[in-house]
Amino acid sequence: MKRAPRVGVFGLLGSGNLGNDGSLEAVLGYLRAEYPDAVLSALVGGPELVRERYGLDATPLHWNQSEYETASGLRSVALKGFGKLVDIARTAAWVRKQDVVIVPGMGVLEATLPLRPWGFPYSLFLLSATGRLFGTKVALVCVGANHIGARATRTLVRWSGRLAAYRSYRDDISRDAMRAMGVDTSADQVYPDLAFSLPTPAAVAKPGTVGVGVMAYYGGNDDRAEADRIYRHYVDTMNRFVAWLVDQDRPVRLFIGDRIDRQVVDEIIEKTASPLVTAAPAETLDELMHEMAAVDSVVATRYHNVLCALKVAKPTVAIGYAPKNDVLMAEMGLDGFTQRAKTVGFDRLVEQFTELENRSAELRRTLQERNEMNAQRLKDQFAALSAALFGGGR
């Protein structure tokens with residue numbers, strides 16, 4: 001009798017980022033439909049939430065539970081260094097138990113936001129290296145990537161990609177970035193983001209309501225010296241835009257994509273002091289999509305906030321922080337409705353939003369057509385994944 005496959009999922013999952021967890025939900029939906037007897041486990045950043053919400057046997061990604069806190073003092077530095085050594089053995093022991101490990105979506109090969117090489121890039125490298133060592137197939141599925149300037153981070157990302165058994169990307173710029181960093185991508189395919197395979201909620205929009213997705217945005221790796229200024233400019237502009245909507249008697253629903261974004265929501269609610277401005281309580285990507293389905297239009301920053309709005313066919317302005325936002329908007333037919341979070345301008349935002357609403361009927365039709373195409377392409381992705389990792393479907 002053939003043994004049930006042992007499948008692991010890996011990443012910064014259960015750590016408060018709704019987009020990452022949405023990618024996990026998409027992969028779990030595929031695995032549970034196609035391989036219901038598979039033994040599933042997880043090596044993740046937030047094991048408690050993953051156990052509770054998804055019913056997986058979950059192990060902490062790091063031995064040092066303070067991994068992503070800034071080290072202060074000799075003891076903290078020593079613990080971090082010791083933890084890196086311990087994580088080699090921990091990762092190897094977990095990987096050795098799996099037949100397949102899937103890294104579901106996420107920008108795991110990116111450095112568009114502040115990132116240290118010995119954080120997640122190091123963890124991903126350990127995964128790919130131990131997978132190659134023990135014959136466990138590591139699959140990077142519909143992941144995001146960008147060209148990375150910092151040498152140590154670039155090296156770790158390059159080898160993480162090279163050592164993986166399977167790679168696919170969520171856009172062409174990700175595949176191009178990996179090719180530019182020295183990975184042979186000739187057999188790698190591009191598919192839509194995994195979140196496009198999640199069920200689309202049906203809801204009746206509340207007339208006139210605008211969804212505004214905000215982010216605690218401090219710039220990227222190269223902007224650390226200006227992080228506070230960048231944050232202040234972005235938040236002040238979003239405050240001003242929400243106040244403008246309130247002046248038009250428009251109800252505003254505030255969204256987040258990561259728990260850290262709540263500080264921005266709190267500030268906007270305090271400054272506007274209007275009953276028209278409320279915060280959505282969504283804690284999963286599915287809940288976020290249900291909330292977005294109930295608004296007329298959306299202005300959003302985080303990648304998966306934008307994606308959710310597009311998936312429920314809401315005309316959207318994207319205030320992005322990386323080229324991936326522009327690519328997503330162009331692929332969905334809204335390439336004229338983007339700005340950069342670092343330099344977002346209020347006047348231009350009002351102009352874009354006004355045009356967006358004037359063209360809303362046309363844009364909704366376009367979004368519905370693109371969503372149908374994305375759903376089919378992701379069926380192709382899961383079929384390709386079955387063939388690569390399991391030798392075909394059930």
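This is a predicted model: local features need pLDDT of at least 70, side-chain atom pairs count only at pLDDT 80 or more; totals for chains, interfaces and linings use all residues.
Reader: Why are Asp 87 and Arg 90 separated by about one helical turn?

Author: Because the two residues are three apart in helix H3, which covers residues 74-96.

Reader: How is the protein chain divided into domains?

Author: There is domain 1, residues 4-189, and domain 2, residues 208-369. The C-alpha centres of domain 1 and domain 2 are 28 Å apart. Their contact takes 20 residues from domain 1 and 25 residues from domain 2.

Reader: What area is buried between domain 1 and domain 2, and what share do carbon and sulfur atoms give?

Author: About 1,900 Å² is buried between the two domains, with 52% of that area coming from carbon and sulfur atoms.

Reader: What is the count of salt bridges between domain 1 and domain 2?

Author: The count is one. Elsewhere in the list of pairs one finds Glu 110 and Lys 324, whose side chains meet in a salt bridge at 2.9 Å, N to O.

Reader: Now the second largest pocket. What is its volume, and which residues are closest to its centre?

Author: The volume is about 480 Å³. Of the 26 lining residues, Ala 111, Thr 112, Asn 146, Asp 222 and Tyr 321 are the closest to the centre.

Reader: Which elements give two or more residues to that lining?

Author: Helix H6 (172-180) and helix H11 (323-331) do. The largest share, three residues, comes from H6.

Reader: From which domains does the lining of the second largest pocket draw at least three residues?

Author: Both domain 1 (4-189) and domain 2 (208-369) supply at least three residues each.

Reader: How do the lining residues divide into nonpolar, polar and charged?

Author: In the second largest pocket, ten of the lining residues are nonpolar, nine are polar and seven are charged.

Technical notes. Residues are numbered from 1 along each chain as its sequence is written. Side-chain values use heavy atoms; hydrogens and water are left out. On a 1 Å grid over the protein atoms alone, a cavity is a set of points where a 1.4 Å probe fits but cannot get out, and a pocket is an open set with protein on both sides within 12 Å along at least five of seven lines; lining residues have an atom within 4 Å of a point. Grid points are joined across faces, edges and corners, and a volume is the space filled by probe spheres set on the points. Helices (H or I, at least four residues) and strands (E, at least two) are DSSP runs, numbered from the N terminus. Ala, Val, Leu, Ile, Met, Phe, Trp, Tyr, Cys and Pro count as nonpolar, Asp, Glu, Lys and Arg as charged, and the others, Gly among them, as polar. Domain bounds come from an automatic or database domain assignment. Contact means heavy atoms within 4.5 Å. Buried area is the accessible area (1.4 Å probe) that two parts lose on being put together, summed over both. A salt bridge is a side-chain nitrogen of Lys or Arg within 4 Å of a carboxyl oxygen of Asp or Glu.
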